[in-house]
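Hi everyone, thanks for coming. I'd like to walk you through one protein today, starting with the whole thing and ending at a single residue. Here it is on the screen.

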Amino acid sequence: MSFVVAVTDYVFPSLEPEQRVLAPLGVDLRPAQCQSEERIIELTNGADAVLNCYAKITARVIEKLDRCKIIARYGIGVDNVDVVAATRFGILVTNVPDYCIDEVSDHALALLLALARRITVADGAVKTGAWDVVAHAGIRRLRGQTLGLLGFGKIAKALASKVQPLGMKVLVYDPYLEPLLMTQHGAEAVSLDRVLTEADAISIHVPLSSETRNLIGKRELARMKSTAFLINTSRGGIIDEQALAETLKAGRIGGAALDVLSVEPPPIDHPLRKLPNVILTPHLAFYSRESVIELQTKAAEEVARALKGEPPRSPVNPEVLTG
């Protein structure tokens, strides 16, 4: 018996890891780079499984999946998959929650250091002919400063462990975890308001949901220190980008570094593109040669388990398994 596995989109050099995992099952891998709902529906017609990166798997797409057993997401977040619809139609959704922990925490740390040490600003100035140390006189020592973390999952815990040797205090806002867990990692559980008002830098590590969309807006930005930095390696919709652009343009916070935006790639006239106190990277934090292979392999292994009738390793909607 052969299976059809549709790959809606991918950002990897090749699909060799998927082929290696799925070939023993006689899988026909059907890869594409879907840009529209109609194209996804066309691609996934008759598919037994779907591997998905950034393409939006809407309720309309899901209701057309007449044979599909699983939608396996390449990544941690599943905000681009209508999980409620998938559950309604009895389709398993999986993710890969335990890859790129080092990569994303390293990237967040790199963005923090680049902001704190004014790396990109200084580099740009030197390349245009300036050589002026005094222009960067606002640089402060990291030791003794406070990092605020929004969310305390695997990546945030890894980042906390990396900044503490630099002498930084760590405050955490995560209402879903017991304060003792933060204490065990050398951090202090506090309210969102305390993170906003006391942190010298804030790093976002929460999933995008109806609860967290625009979690950081005009009111929250106004609570931050005028010298504070905002870092996001999670999802773009968590920050109100227009409010952030206005805040940065007015100099009401020190700077921002974003690896994710609400629209990717952002339009050429996006206000954050033009500001000197902003660092932007292209949703790169998860990427390394090692993490990509791990991601592809683990997502494909979930598909293989589903096709063989075996239990998944990381179900997002486990209720379909018992329904």
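So, how many helices and strands does the secondary structure of the protein come to? It comes to 13 helices and twelve strands.

A quick word on ground rules. This is a predicted model, where local features need pLDDT of at least 70, side-chain atom pairs count only at pLDDT 80 or more, and totals for chains, interfaces and linings use all residues. Residues are numbered from 1 along each chain as its sequence is written, and side-chain values use heavy atoms, with hydrogens and water left out.

Now the overall picture. The C-alpha trace spans about 70 × 50 × 35 Å along its principal axes. Of the 323 residues, 52% count as buried, and buried means under 20% relative accessible area, with a 1.4 Å probe and protein chains only. Take contacts, meaning heavy atoms within 4.5 Å, between residues at least 6 apart in sequence: 63% of them join residues at least 24 apart.

Let's zoom in on some strands. Strand β6 (residues 146–150) runs parallel to strand β7 (residues 169–173), and five bridges join them. For two strands to pair, DSSP has to find at least two bridges between them. Thr146 has Lys169 in β7 as its bridge partner. To get from β6 to β7, the chain goes through helix α7 (residues 154–163), in a right-handed β-α-β crossover. Right-handed here means that, with the strands pointing away from you, the path from the first strand over the helix to the second runs clockwise.

On we go to strand β8 (residues 188–189), which pairs with β7 in the parallel sense over two bridges. Here Leu171 stands opposite Glu188 in β8. Together β7, helix α8 (residues 179–184) and β8 make a right-handed β-α-β unit.

Last stop: Ser288. You'll find Ser288 in the loop between β12 (278–280) and α12 (289–308). Is Ser288 buried or exposed? With a relative accessible area of 16%, Ser288 is buried. What does its side chain reach? The side chain of Ser288 gets to the backbone nitrogen of Ser291 at 2.9 Å. There's also a polar contact of 2.7 Å between the side chains of Ser288 and Glu103. A polar contact is a pair of N or O atoms within 3.5 Å; within protein, one must be able to donate a hydrogen and the other to accept it, and residues adjacent in sequence count only if both atoms are side-chain atoms.

Technical notes
Helices (H or I, at least four residues) and strands (E, at least two) are DSSP runs, numbered from the N terminus. Buried means under 20% relative accessible area, exposed over 50%, partly exposed in between (1.4 Å probe, protein chains only).
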